[in-house]
Amino acid sequence: MGIMSRNPKEEPLHYGEVFTIWSNVLTNNGMIAMYQTLYNHTGDRDLAKLVEEAVVGMEEENKQLTEILKVNGVGLPPVPPERPNARLEDIPVGAKYNDPEISAIISGNVATGLVACSTAMGKSTREDIAAMYGQFHMAKAQLATKLLRLNKSKGWLVPPPLHIAPQDER
């Protein structure tokens, strides 16, 4: 089998894997900064815990991803500065995100992340990279479930139009 039959960690990354990993770190860096800002706008404690969980998850992903980039001699993407904590009361009303908006933003980002993880798994030739993205996918799916449950319990879920079949007329 040649170059692809060794220990997966000794196999070279292909350009698609490098770009996927580098782009993932760049995206996570931006979203961590954004979520730190959104955390300052969050009034609901349950939502605040999920924002923190999302940040921790992306930081954990980045530890694994940056290590792979470093081992393979790939430069790291830029990291924005960490956002300071602010008091919710100090944010003007017209400039404040509300909790349902924050939850919708994060829910949408998690859904996008699930697709990105599936795509990364599908185009990986290194088994360890595919497995790593499988783990990321599972963690995002668990977070998505928690967000869905929260959105339903708080009345924040805005479903698309529901298809209700017409009743048989007799």
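Before selecting anything, note that contact here means heavy atoms within 4.5 Å. This is a predicted model, where local features need pLDDT of at least 70 and side-chain atom pairs count only at pLDDT 80 or more, while totals for chains, interfaces and linings use all residues. Residues are numbered from 1 along each chain as its sequence is written, and side-chain values use heavy atoms, with hydrogens and water left out.

**Stop one: Thr20.** Select Thr20, which sits in helix α1; helices are DSSP runs (H or I, at least four residues), numbered from the N terminus. Thr20 counts as buried because its relative accessibility is 15%, and buried means under 20% relative accessible area with a 1.4 Å probe, protein chains only. Leaving out residues up to four places away in sequence, Thr20 touches Ala120, Lys123 and Tyr133. Now show the backbone oxygen of Gly16: the side chain of Thr20 reaches that atom at 2.8 Å.

**Stop two: the largest core.** Next, pick Tyr35, Leu47, Val51, Ile102, Ile106, Leu143 and Leu147, the residues with the most contacts inside the largest nonpolar core, which has 17 residues. A nonpolar core is a set of buried Ala, Val, Leu, Ile, Met, Phe, Trp, Tyr and Cys residues joined through side-chain atoms within 4.5 Å. Helices α1, α2, α3 and α4 each supply at least two residues of this core, and α2 gives the most, six. Zoom in on Leu143: setting aside neighbours within four places in sequence, Leu143 is in contact with Leu50, Glu53, Ala54 and Val110. Another core, of 13 residues, lies apart from the largest one; Leu13, Ile68, Met132 and Phe136 are among its members.

**Stop three: the largest pocket.** The largest pocket holds about 610 Å³ of space, a volume being the space filled by probe spheres set on the points, which are joined across faces, edges and corners.

Notes:
On a 1 Å grid over the protein atoms alone, a cavity is a set of points where a 1.4 Å probe fits but cannot get out, and a pocket is an open set with protein on both sides within 12 Å along at least five of seven lines; lining residues have an atom within 4 Å of a point. Buried means under 20% relative accessible area, exposed over 50%, partly exposed in between (1.4 Å probe, protein chains only). A polar contact is a pair of N or O atoms within 3.5 Å; within protein, one must be able to donate a hydrogen and the other to accept it, and residues adjacent in sequence count only if both atoms are side-chain atoms.
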